[in-house]
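These are my notebook entries on a structure that I had not examined before. I record what I looked up, entry by entry.

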Amino acid sequence: MKFISSVIKEMHTVTWPTFNENVHNTTIVVFTGLAFALIFGGADWVFEQGITWLSK
């Protein structure tokens, strides 16, 4: 029980982000993920085209 009470006590000291901070951080994560997907997808396509051209 000491563990549970210390967890509850610690949770009261946590500074939780506001709604606007959550929206801002989520937007950054989504756009960063999309950017990396486009970069790696483009690189994959370029390498695929190169391998296809070399194998002809």
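**Entry on the loop.** I looked up W16 and found it in the loop between α1 (2-12) and α2. I took helices (H or I, at least four residues) and strands (E, at least two) as DSSP runs, numbered from the N terminus. W16 counts as exposed because its relative accessibility is 57%. For this term I note the limits: buried means under 20% relative accessible area, exposed over 50%, and partly exposed in between, with a 1.4 Å probe and protein chains only. P17 is also found in the loop between α1 and α2, and at 39% relative accessibility P17 counts as partly exposed.

**Entry on sources.** The model is predicted: local features need pLDDT of at least 70, side-chain atom pairs count only at pLDDT 80 or more, and totals for chains, interfaces and linings use all residues. Residues are numbered from 1 along each chain as its sequence is written, and side-chain values use heavy atoms, with hydrogens and water left out.

**Entry on the patch.** Which residues make the nonpolar surface patch of about 880 Å²? I listed M1, F3, I4, V7, I8, M11, V14 and W16. Patches are made of residues with over 30% relative accessible area and no salt bridge; like charges are joined within 9 Å, and nonpolar side chains (Val, Leu, Ile, Met, Phe, Trp, Tyr) within 5 Å. A salt bridge here is a side-chain nitrogen of Lys or Arg within 4 Å of a carboxyl oxygen of Asp or Glu. Accessible areas come from the Shrake-Rupley method with a 1.4 Å probe; for residues, only the protein chains shown count as cover.

**Entry on helix α1.** I placed S6 in helix α1, where S6 is partly exposed at 38% relative accessibility. K9 lies in helix α1 as well; K9 is exposed, with a relative accessible area of 63%.

**Entry on the annotated region.** UniProt, in an unreviewed entry, lists residues 28-47 as "transmembrane region". UniProt positions are given in the numbering used here, feature names are shortened, and annotations may be inferred rather than shown by experiment. In the model, residues 28-47 are 100% helix and 0% strand, and the end C-alpha atoms are 28 Å apart.

**Entry on aromatic rings.** How many aromatic pairs does a search of the whole structure find? I found one. The pair is F36 with F40, and it is stacked, at 6.0 Å centre to centre and 20° between the planes. Rings of Phe, Tyr and Trp (its six-membered ring) pair if their centres lie within 6.5 Å; planes under 30 degrees apart count as stacked, over 60 as edge-to-face and the rest as tilted. F36 and F40 are separated by about one helical turn because they are four residues apart in helix α2 (residues 19-54). F36 is partly exposed at 46% relative accessible area, whereas F40 is exposed at 55%.

**Entry on the whole chain.** I counted two helices and zero strands in the protein. The radius of gyration is 23 Å, whereas a compact globule of 56 residues would have one near 10 Å. That radius is taken over C-alpha atoms, and the globule rule is 2.2 Å times the number of residues to the power 0.38. The C-alpha trace spans about 70 × 30 × 10 Å along its principal axes. Buried residues make up 0% of the 56 residues.
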